[in-house]
Amino acid sequence: MKLIATLITVAFIVAGCATIQPAPDAKPPETQPIDAWARVLERFVDDRGYVDFYGLQRDRADLDRYVAWVYDVGPNNRPGLFPSYDDKLAYHINAYNALAMWKILKAGIPEELGPWARFSFFWRDRVEVGGKRMSLYAYENEVIRRLNEPRIHFGLNCMARGCPRLPREPFRAETLDAQIEREARQFFSEQRNLRVNHREGKTYTSAILNWFEEDFLAHAPSLIAYINRYAPQPVPNDYPLEFIPYDWRVAHQ
């Protein structure tokens, strides 16, 4: 009961101090908006998925135009533009990543998303997706996760170093399955996300597996079974999982 009262109090505090981030002062692309996002990723993201935020800040027109388009257009208010499931999912992954990148610029390019910065970044400061106002937290949990594709967690990127690698290309409906399959394999091939310690008899994996456990277990009998679909070497079934503390430093180049 005490916990419920605390959560209700926190919810009122968050609602009461929510701020609205207005759309960028930029004209959305009239055709092929994804091309603007593609240029951002190609020019300012390296092979590790790290971002040249200072370079982007100096030349941010494409990001602002793409985010302005995300503010205006989405599957909720323009369903005809997103006829398939993959159209919707690709839109949402790209939109989330672009909004997160834009919010890092809005926040002054911090070195780290500490506790207060995370509160502002994920909960307090609201954006718009297809004209609908929401926080990034709500966007991920109340919109994107409801599409029931656990591999999104290897494509969504909040610009922290603990996130999955940010690809240097947009997600596209026509190649989406292959792209998120590739990113899942990439994720579990990195020591920062998965390592087995045979001396300790333990497997260490990203906190993402812990936070979104129910999404993975909806598609596999155990987290280890899910991991073993993508890990380069099978993880022993009898090793307990330990979750690696998340690295909240911003993924600067």
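**Strand pairing and helix packing in the predicted model**

β4 and strand β5 (residues 202-206) pair in the antiparallel sense over four bridges; pairing requires at least two DSSP bridges between two strands. Strands (E, at least two residues) and helices (H or I, at least four) are DSSP runs numbered from the N terminus. The model is predicted, and local features need pLDDT of at least 70, side-chain atom pairs pLDDT 80 or more, while totals for chains, interfaces and linings use all residues. Residues are numbered from 1 along each chain as its sequence is written, and side-chain values use heavy atoms, without hydrogens and water.

In β5, T205 stands opposite L194. The open sheet has three strands in the order β4-β5-β6, with mixed pairing. Its edge strands, β4 (194-197) and β6 (241-244), each pair on one side only.

Helix α5 has 22 residues and reaches 31 Å from its first C-alpha to its last, close to the 32 Å expected at 1.5 Å a residue, the expected span being 1.5 Å times one less than the number of residues. Of these 22 residues, 17 are buried, so α5 is largely enclosed by the rest of the structure; buried means under 20% relative accessible area (1.4 Å probe, protein chains only). G108, with a positive phi near 85°, follows α5.

The axes of α5 (residues 85-106) and α7 (residues 136-144) come within 11 Å and cross at roughly 170°. Axes are lines fitted to C-alpha atoms, for helices over the stretch in contact, and angles run from 0 to 180 degrees between N-to-C directions. α5 is therefore roughly antiparallel to α7, a class assigned to angles over 145 degrees.

Methods. Parallel < 35°, antiparallel > 145°, perpendicular 65-115°, else oblique. Buried < 20%, exposed > 50% of the residue type's maximum accessible area, 1.4 Å probe, protein only.
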